[in-house]
Amino acid sequence: CRADKRVQPDMGAVKNVCVVGAGHVGAPHAAVLAQKCPDIKVTVCDHDERKVAQWNSSLLPFYEPSMQEVIEDVRGVNLFFSTDFASAIKAADMIMVSVSTPLKTEGTGAGYAPNLMCVERVARLIAESADGPKIIVERSTVPVKSADIIKRVLRFNNAHPMVVLSNPEFARQGSAMIDQSSPERIMVGGEDSAEAKAATAALVEIYARWVPRERIITSGLWSAELSKLTANAFLAQRISSINAISALCERTGADVDEVSFAVGVDSRIGRKYLTASVGFGGACYETHIRNLIYLCRSFRLPQVADYWQHVLTLNDYQKRRFASTVVASMFNTVSGKKLAVWGVAYKKNTDDTRDSPAFDVCKALLNERAQLCIYDPRVSSEATALGLCLADGQETLVECVSDAYDAAAGAHAILVLTEWDEFARLDFFRIFSQMEKPAFVFDGRNMLDHAALRAIGFNVIGIGKPVTPSPT
């Protein structure tokens, strides 16, 4: 064995950070990092010139509450957006990798295995551009042992020593800026070497400027990589669990909200993520559960893989069940009927529609020849059209409007598929007067006052709610 005589990285105070990837993981975190650490220069790099131009303008690529204000406060001061990777990497003491890791669409593990092409590409870019020691921080959600990819690429292609850490992103879309500013926990994982421990301490010192020390968890590298997948799998599991009970509630006459409350006051269980709905969505939950399933199968744990597969199966069932309930309730046909769809974002306070349950419901109703009129306060008509494209790429014939009242006018039913707060504040007397009769409301988020709506004259169907006689 030949001893590694390369100069070890300087793990002193970090003054320059390069964030690779200007998406939902990289940009909000970079903005808060720049705001909380005014003496650290933060440069966010991305290959997409259009996206970088948007970050440098007043029209940001995506919406997060309060993100615009924070970015405008620090952009051009110590936060910068650029396509010049080489310069940013050379100048950086620390490089945070926040690139996309979507599911593979073909080949081995298609539909379950993560596509780590971008991770490897970033590692090669760092190896090509780095002219000195660096601390590399994994912030993308990756399967266990992914850090080995970065380490091996760097070792074979760069003479300078590098340390790789894992710092998984736990912030929630729609609350990302709050979660970054006041996180429940920060996790930093590294190997059991003097260099890795020093690098871990350097990253911990950055976070300790605004995060209480007791909320900063240090761990092994592989534990940190697995923790993010596990956290999202557990959250999705809770949603599928209460949704499974919602189906039973509808058959028995129980109220899922009452059951959820009784279960949630048990301190061993807690009340969070026990709200029945049309199903979970977003880029994280399903993708990360599929990654977890792939890992379990790879390590020959079929029973564990099957357990997590059932969480996804239940979620698909919930979406199909909701669409079937709409059709069955409306005299077993929605053909030619206008249906108002309120919300296509996968949850409120974001314009993200990736894996949104609303699209699955809409596609099922379009197959029944319904005429959909869609309103979402944040999602563009272009994003809606893209999300409802057919398998062959053909666009579907849906109408997108900029007002909830316009969507409901002349409709036979309203489908609430995203829990935007504004929906509860609308004038339902006005809405009822403009709709076809009988007028239906299918509340896929259980966010409206069902008793008040029934008093107006609506037929209201919620998730996991007892069947109530229709207004006469």
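Predicted model: local features only at pLDDT ≥ 70, side-chain atom pairs only at ≥ 80, totals over all residues.
**Exercise 1. Determine how helix α5 is oriented against helix α6, and which residues form the contact.**

Solution. 
Step 1. Two packed helices are described by the angle between their axes and the distance between the axes. For α5 (residues 117-129) and α6 (residues 147-157), the angle is about 30° and the axes lie 9 Å apart.
Step 2. Angles under 35 degrees count as roughly parallel. The helices α5 and α6 are therefore roughly parallel to each other.
Step 3. The crossing of α5 past α6 is right-handed.
Step 4. On the α5 side, the contact is made by Val119, Glu120, Ala123, Arg124, Ile126 and Ala127. On the α6 side, Ile149, Ile150, Val153, Leu154 and Asn157 take part.
Step 5. Sorted by class, the contact of α5 with α6 comprises eight nonpolar, one polar and two charged residues.

**Exercise 2. Classify the packing of α6 and α9, and give the class composition of their contact.**

Solution. 
Step 1. The axes of α6 and α9 are 11 Å apart and form an angle of about 130°.
Step 2. Accordingly, α6 and α9 are oblique to each other.
Step 3. From α6, the residues Ala147, Asp148 and Lys151 meet Leu221, Trp222 and Glu225 of α9.
Step 4. The contact of α6 with α9 divides into three nonpolar, no polar and three charged residues.

**Exercise 3. Carry out the analysis for α11 and α12, including the handedness of the crossing.**

Solution. 
Step 1. Helix α11 (residues 285-298) packs on α12 at an angle of about 160°, with 8 Å between the axes.
Step 2. Angles over 145 degrees count as roughly antiparallel. It follows that α11 and α12 are roughly antiparallel to each other.
Step 3. The passage of α11 across α12 is a left-handed crossing.
Step 4. The α11 side of the contact consists of Glu286, Ile289, Arg290, Leu292, Ile293, Cys296 and Arg297. The α12 side consists of Val304, Ala305, Trp308, Gln309, Val311 and Leu312.
Step 5. These residues divide into nine nonpolar, one polar and three charged.

**Exercise 4. Describe the second largest pocket by its volume, its lining and the elements that contribute to the lining.**

Solution. 
Step 1. The second largest pocket holds about 460 Å³ of space.
Step 2. Its lining has 23 residues, and those nearest the centre are Glu250, Thr325, Ser329, Ile461 and Val467.
Step 3. Two or more lining residues come from each of α9 (221-252), α12 (302-329), β13 (440-443) and β14 (459-462). With five residues, α12 gives the most to this lining.
Step 4. By class, twelve residues of the lining are nonpolar, six are polar and five are charged.

**Exercise 5. State how many cavities of 30 Å³ or more the structure contains, and characterise the lining of the largest cavity.**

Solution. 
Step 1. About 40 Å³ of space lies in the largest cavity.
Step 2. The largest cavity is lined by Glu138, Ser140, Thr141, Val142, Ser166, Pro168, Glu225 and Lys228. Glu225 is also among the α9 residues that meet α6.
Step 3. The lining of the largest cavity contains two nonpolar, three polar and three charged residues.

**Exercise 6. Place Ala231 in the fold and list its contacts beyond four places in sequence.**

Solution. 
Step 1. Ala231 belongs to helix α9.
Step 2. Not counting residues up to four places away in sequence, Ala231 touches Phe170 and Arg185.
Step 3. Trp342 is 111 residues from Ala231 in sequence, and their C-alpha atoms are 29 Å apart in space.

**Exercise 7. Examine the backbone at Ser66 and at Pro438.**

Solution. 
Step 1. Most residues other than glycine have a negative phi, and most peptide bonds are trans.
Step 2. Ser66, although not a glycine, has a positive phi of about 70°. Ser66 is found in the loop between α2 (49-55) and α3 (67-74).
Step 3. The peptide bond from Lys437 to Pro438 is cis, with omega near -5°. Pro438 lies in the loop between α16 (428-434) and β13.

Terms used. Residues numbered from 1 in each chain as written. Heavy atoms only, no water. Axes fitted to C-alpha atoms, helices over the stretch in contact; angles between N-to-C directions. Parallel < 35°, antiparallel > 145°, perpendicular 65-115°, else oblique. Left-handed = near helix turned anticlockwise from the far one by under 90°. Contact = heavy atoms within 4.5 Å. Nonpolar A, V, L, I, M, F, W, Y, C, P; charged D, E, K, R; others polar. 1 Å grid on protein atoms, 1.4 Å probe; cavity = no way out; pocket = protein on both sides within 12 Å on 5 of 7 lines; lining within 4 Å. Points joined across faces, edges and corners; volume = space filled by probe spheres on them.
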